[in-house]
Amino acid sequence: MKTTIADLKLGERACIKEITSDAIPLKLLEMGCLPGNEVQLLQTAPFQCPMYLRINGSHLAIRKEIAAQIEVQRI
């Protein structure tokens, strides 16, 4: 079973392994959402969407549907 960013618990850190979709916005890739980079779940909004993340020192908010397409390995 693969783990994605959508599966992370608050405060949990992980390393991005693979991005499994071409539907990932280019802006996320430009901001460091790339394989090998560390991600941490900082906060979620009501109904867990959007998810607030720290990726390589940058703070990002992404939809849960997008987060479910980014495979990670927990640290």
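Modeller: Let's go for Q40 and R54, whose side chains are joined by a polar contact of 2.8 Å. Such a contact is a pair of N or O atoms within 3.5 Å; within protein, one must be able to donate a hydrogen and the other to accept it, and residues adjacent in sequence count only if both atoms are side-chain atoms. Keep in mind that this is a predicted model: local features need pLDDT of at least 70, and side-chain atom pairs count only at pLDDT 80 or more, while totals for chains, interfaces and linings use all residues. Residues are numbered from 1 along each chain as its sequence is written, and side-chain values use heavy atoms, with hydrogens and water left out.

Where does Q40 sit? You'll find Q40 in strand β3, which covers residues 38-44. (Strands are DSSP runs of E with at least two residues, helices are runs of H or I with at least four, and both are numbered from the N terminus.) Q40 counts as buried because its relative accessible area is 17%; the cut-offs are under 20% for buried, over 50% for exposed, and partly exposed in between, with a 1.4 Å probe and protein chains only. Setting aside neighbours within four places in sequence, Q40 is in contact (heavy atoms within 4.5 Å) with G11, E12 and R13, and also with Y52, L53 and R54.

K17 has 45% relative accessibility, so it counts as partly exposed. Not counting residues up to four places away in sequence, K17 touches P35, E71, V72 and Q73. The C-alpha atoms of K17 and T3 are 9.6 Å apart, and the two residues are 14 apart along the chain.

Now zoom out. The chain has 2 helices and 6 strands, and from the N terminus they run β-β-α-β-β-β-α-β. Of its 75 residues, 35% are buried. Take the contacts between residues at least 6 apart in sequence: 58% of them join residues at least 24 apart. As for overall size, the C-alpha atoms fill a box of roughly 25 × 25 × 25 Å along the principal axes.
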